[in-house]
Amino acid sequence: MSDRHPLFKPLIFVGGIVFGFGLGFSHMARPEVVLNFLQFDDLGLPFVMFGAAIVSGIAFALLPRIRDAAPLTGDPYERRLKPFDRNVLVGGAVFGVGWGLSGICPGAAYASLGVGNITILWALAGMFLGAYAQGYWRSRSQARDTAVTGAD
Amino acid sequence: MVADPVLLQAVADLFPNGISRYAVGGLLVGLGTVLIYIGTGIPAGASTFLESTLSYVSDQSRFQQYVGSRDWRLVFTAGIILGGLAFAATFQSGLVTSSLYEPGTTGQLYEVAGVTLWTTDVQPWRLFVGGILVGIGTRIGKGCTSGHGVCGVGSASKTSLVGVMTFLTVAIGTAQVVAALGVSP
């Protein structure tokens, strides 16, 4: 969109920097530390995820009461609510196997590149490949469903 | 109150690196999310970037639905990478120290132009195969550790709570099995 506020992208950029710095500081950008949590050798990880969830939860709860709309987009403040279906379980389980095998998730992988972890490009390449495979497959099955419906 | 030495030892075993680096890092991750939310109303997750960026090179409908957000998602990811580098240039390099930051002993450190960088010992095949499954799973499951784990849980979304419980449980099982099979690191 060309009619975006001039501060829209700068704010996203600054938010990303703080986000990435936090992932570095918490060592979530290091697959070893995530694997140490999953193997019960260091239980620190929940402090990162739930600490971040509490901070964002306060903002998600308060902002709609303070303002009607976000200043840079005019969009209303809404919570992140997604409909539940079987995909949440299937996708969550597939993600769980991948996370448990590699010790890395998408945001942490970007931050990992920033802390110097060139080897993480293997994981990023895999993530793009996986995202492409499911998108290719789901785009095709979506088109097929539409075609079947259209024939009715 | 006198602290029980057995209890203290148990806590030290469970948290060999303390909890402050995790808690402070988590607060910063939350703060980054909140900054973006205050200005834009967007609860940003990290994994949609994978599909939105694929829309530049593929016209599949699953990717094209993200054309409207692909530019700022690229900016968000660039920020995350730069934030990681800013951490490397300060705390990881020892330029800034704090009692809240525990450097730890994982992986390998190396230096480039005075900045201490870090690289993993985890084997590339684990990263690559795991990455493929992360790419498939986060997109089918409607979110990752930031989308579901931070924004969704912060929204008290039941979908996200179920999503987090699912991937957390499966990841613990997977990591335990992989370790039991003798794969290390």
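Two residues are in contact if their C-beta atoms, placed from the backbone, lie within 7 Å. By that criterion, 10 residues of domain 1 of chain B are in contact with 11 residues of domain 2 of chain B. This is a predicted model, in which local features need pLDDT of at least 70 and side-chain atom pairs count only at pLDDT 80 or more, while totals for chains, interfaces and linings use all residues. Residues are numbered from 1 along each chain as its sequence is written, and chains are lettered from A and ligands numbered from 1 in the order in which they are written.

**Domains of chain B**

- Chain B comprises domain 1 (1-120) and domain 2 (122-185), with bounds that come from an automatic or database domain assignment.
- A distance of 16 Å separates the C-alpha centres of domain 1 of chain B and domain 2 of chain B.
- On the side of domain 1 of chain B that touches domain 2 of chain B, α2 (20-40) and α3 (48-54) of chain B each supply at least two residues.
- α2(B) gives the most to this side, with three residues.
- This side of domain 1 of chain B has four nonpolar, five polar and one charged residues; Ala, Val, Leu, Ile, Met, Phe, Trp, Tyr, Cys and Pro count as nonpolar, Asp, Glu, Lys and Arg as charged, and the others, Gly among them, as polar.

**Fold of chain B**

- Chain B contains eight helices and two strands, where helices (H or I, at least four residues) and strands (E, at least two) are DSSP runs numbered from the N terminus.
- The order of elements in chain B, from the N terminus on, is α-α-α-α-α-β-β-α-α-α.
- Along the principal axes, the C-alpha atoms of chain B fill a box of roughly 60 × 40 × 40 Å.
- Of the 185 residues of chain B, 52% are buried, that is, 20 or more other C-beta atoms lie within 10 Å of the residue's own.

**Annotated segments of chain B**

- An unreviewed UniProt entry places the feature "transmembrane region" at residues 22-50, 71-91 and 162-183 of chain B; such annotations may be inferred rather than shown by experiment.
- Residues 22-50 of chain B are 76% helix and 0% strand, with the end C-alpha atoms 26 Å apart.
- Residues 71-91 of chain B are 100% helix and 0% strand, with the end C-alpha atoms 30 Å apart.

**Contact between chains A and B**

- The contact takes 111 residues from chain A and 113 residues from chain B.
- α6(A) gives the most to the side of chain A that touches chain B, with 18 residues.
- The residues of that side of chain A divide into 68 nonpolar, 33 polar and 10 charged.

Technical notes: A residue is buried if 20 or more other C-beta atoms lie within 10 Å of its own, exposed if 12 or fewer, and partly exposed in between; C-beta atoms are placed from the backbone.
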